[in-house]
Amino acid sequence: MTGWTLADVPDLTGRRALVTGVTSGLGEVTARELARAGAEVVLAARNREKLAGTAQSLRSEVPGARLVELQLDLADLSSVRRAAAAAAELGALDILVNNAGVMATPEERTRDGFELQLGTNHLGHFALTGLLLEPLAASGDARVVTVSSLMARTVRGMSLEDPRNPSGRYRKWNAYGQSKLANLLFTFELDRRARGAGLPVTAVAAHPGYTETNLVDNGMNMGRRTINGAIGVAVTSLVGQSVAQGATPQIRAAVEPGLAGGTYVGPQGPFEMHGAPGYVTPPRPARDPELAARLWELSERATGVSFP
Ligand SMILES: NC(=O)c1ccc[n+]([C@@H]2O[C@H](COP(=O)([O-])OP(=O)(O)OC[C@H]3O[C@@H](n4cnc5c(N)ncnc54)[C@H](OP(=O)(O)O)[C@@H]3O)[C@@H](O)[C@H]2O)c1
């Protein structure tokens with residue numbers, strides 16, 4: 001494998017990072033590599049027991065790792081508010097990795113009544129980022145990385161309906177694709193707004209191609225066994241790249257010095273499915289500033305969090 005590798009991660013001593021969804025897959029590897037490079041890592045996860053288990057295994061993999069455990073359920077805005085307040089008490093935040101996500105779930109709602117995938121993948125992270133803007137700005141040079149997906153390319157646009165009251169038949173893959181398009185629209189709008197407000201915060205995005213994680217099992221199966229879910233798990237284990245490789249785009253996006261705001265990092269192999277991380281082109285709807293501004297307003301109204 002040529003190109004950017006984990007050996008290119010710079011020394012992060014003295015820096016603080018927060019990673020969401022650290023209990024498995026890409027989030028766990030991202031947290032581990034940031035800790036290995038010397039950053040203090042705030043491990044954010046919804047399940048306390050899993051979180052404690054992850055912290056324990058990271059401590060054994062990275063002796064001396066500086067870790068803080070933070071309970072965060074992105075599908076519950078009151079949890080997002082509590083977690084952001086606790087994280088803000090730690091002081092300046094240099095790196096925020098909005099990684100957690102669910103995919104192709106059966107139709108469900110968040111605690112606040114949002115469609116689950118948009119609510120978790122976009123609205124939860126939108127609120128978290130807004131509530132952390134002060135500690136991010138206090139860093140003097142902060143980076144916000146939001147993890148999107150190739151699936152953002154499969155949708156033509158974004159529904160701007162009330163996420164508490166979506167109309168029409170629920171289509172789980174469409175809902176996932178829209179939530180991942182929302183991750184990109186959010187990134188580019190955040191970057192524009194931060195620059196406009198003179199804030200030292202750079203927003204970038206990344207996607208992991210096709211990576212073998214628990215995402216299919218967590219989402220499509222949600223603890224139940226389904227035939228489609230079993231097929232999904234089998235296909236992922238056959239063609240997906242390793243988690244260590246799949247995490248490299250978001251790690252590069254988080255740590256590469258001087259990365260320009262609005263950069264999108266993804267695998268450079270065929271169809272961006274696997275390979276070393278490089279700069280990739282976002283799908284056309286993600287580059288529509290008017291759509292991004294409208295999604296931003298909707299997200300502010302839905303979450304009650306306004307920024308910058
Ligand atoms: N794997 C791929 O090929 C692929 C492709 C494109 C994009 N992605 C994106 O990569 C990101 C990471 O996914 P992954 O592949 O690493 O999947 P994963 O192994 O299923 O990890 C997802 C993480 O998100 C957490 N999470 C889910 N709902 C949450 C909530 N309400 N609050 C807080 N945390 C929550 C999970 O926690 P629990 O352990 O408690 O469930 C888990 O830690 C996601 O944003 C996904 O959309 C992955």
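Figure 1. Helix α2 holds 14 residues, 48-61, and at 1.5 Å a residue it should span 20 Å. Its end C-alpha atoms are 20 Å apart, which agrees. The model shown here and in the other views is predicted. Asn-47 caps the N-terminal end of α2. A side-chain oxygen of Asn-47 lies 3.0 Å from the backbone nitrogen of Glu-49.

**Figure 2. The two sides of α2.** Leu-51, Thr-54, Ala-55 and Leu-58 are buried in α2. They cover an arc of only 100° around the axis, so they sit on the same side of the helix. An α-helix has 3.6 residues a turn, so residues three or four places apart point the same way. The cover over the buried residues of α2 includes α1 (25-36), β2 (40-45) and β3 (66-71). Glu-49, Gln-56 and Ser-60 are on the other side of α2, and they are exposed.

**Figure 3. The largest pocket and its lining.** About 1,000 Å³ of space lies in the largest pocket. Its lining comprises 48 residues. Closest to the centre are Gly-101, Val-102, Met-103, Thr-213 and Leu-215. Several elements each supply at least two lining residues: α1, β2, α4 (116-131), α6 (172-196), α7 (215-221) and α8 (227-239). Helix α7 gives the most, with four residues.

Figure 4. Helix α6 has 25 residues. From first C-alpha to last, α6 reaches 36 Å, close to the 36 Å expected at 1.5 Å a residue. The helix is mostly covered, with 18 of its 25 residues buried. Helix α6 also supplies at least two residues to the lining of the largest pocket. Just after α6 comes Gly-198, with a positive phi of about 70°.

Figure 5. Most residues other than glycine have a negative phi. Ala-104 has a phi near 50°, a positive value in a residue other than glycine. This alanine is found in the loop between β4 (95-98) and α4. Ala-104 counts as buried because its relative accessibility is 1%, and buried means under 20%. Phe-271 has a positive phi too, near 55°. Its loop runs between β7 (264-267) and β8 (277-279). Phe-271 is exposed because its relative accessible area is 74%, and exposed means over 50%.

Figure 6. Most peptide bonds are trans. The bond from Phe-307 to Pro-308 is cis. Its omega is near 0°. Pro-308 is placed in the segment after α11 (289-303).

**Figure 7. Thr-263 and its surroundings.** Thr-263 sits in the loop between α10 (248-255) and β7. At 13% relative accessibility, Thr-263 counts as buried. A polar atom of the Thr-263 side chain lies 2.5 Å from the backbone oxygen of Ala-260. Not counting residues up to four places away in sequence, Thr-263 touches Ala-203, Val-204, Ala-205 and Tyr-279.

Conventions. Residues are numbered from 1 along each chain as its sequence is written. This is a predicted model: local features need pLDDT of at least 70, side-chain atom pairs count only at pLDDT 80 or more; totals for chains, interfaces and linings use all residues. Side-chain values use heavy atoms; hydrogens and water are left out. The expected span of a helix is 1.5 Å times one less than its number of residues. Buried means under 20% relative accessible area, exposed over 50%, partly exposed in between (1.4 Å probe, protein chains only). The arc is that of the directions from the helix axis to the C-beta atoms. Contact means heavy atoms within 4.5 Å. A polar contact is a pair of N or O atoms within 3.5 Å; within protein, one must be able to donate a hydrogen and the other to accept it, and residues adjacent in sequence count only if both atoms are side-chain atoms. On a 1 Å grid over the protein atoms alone, a cavity is a set of points where a 1.4 Å probe fits but cannot get out, and a pocket is an open set with protein on both sides within 12 Å along at least five of seven lines; lining residues have an atom within 4 Å of a point. Grid points are joined across faces, edges and corners, and a volume is the space filled by probe spheres set on the points.
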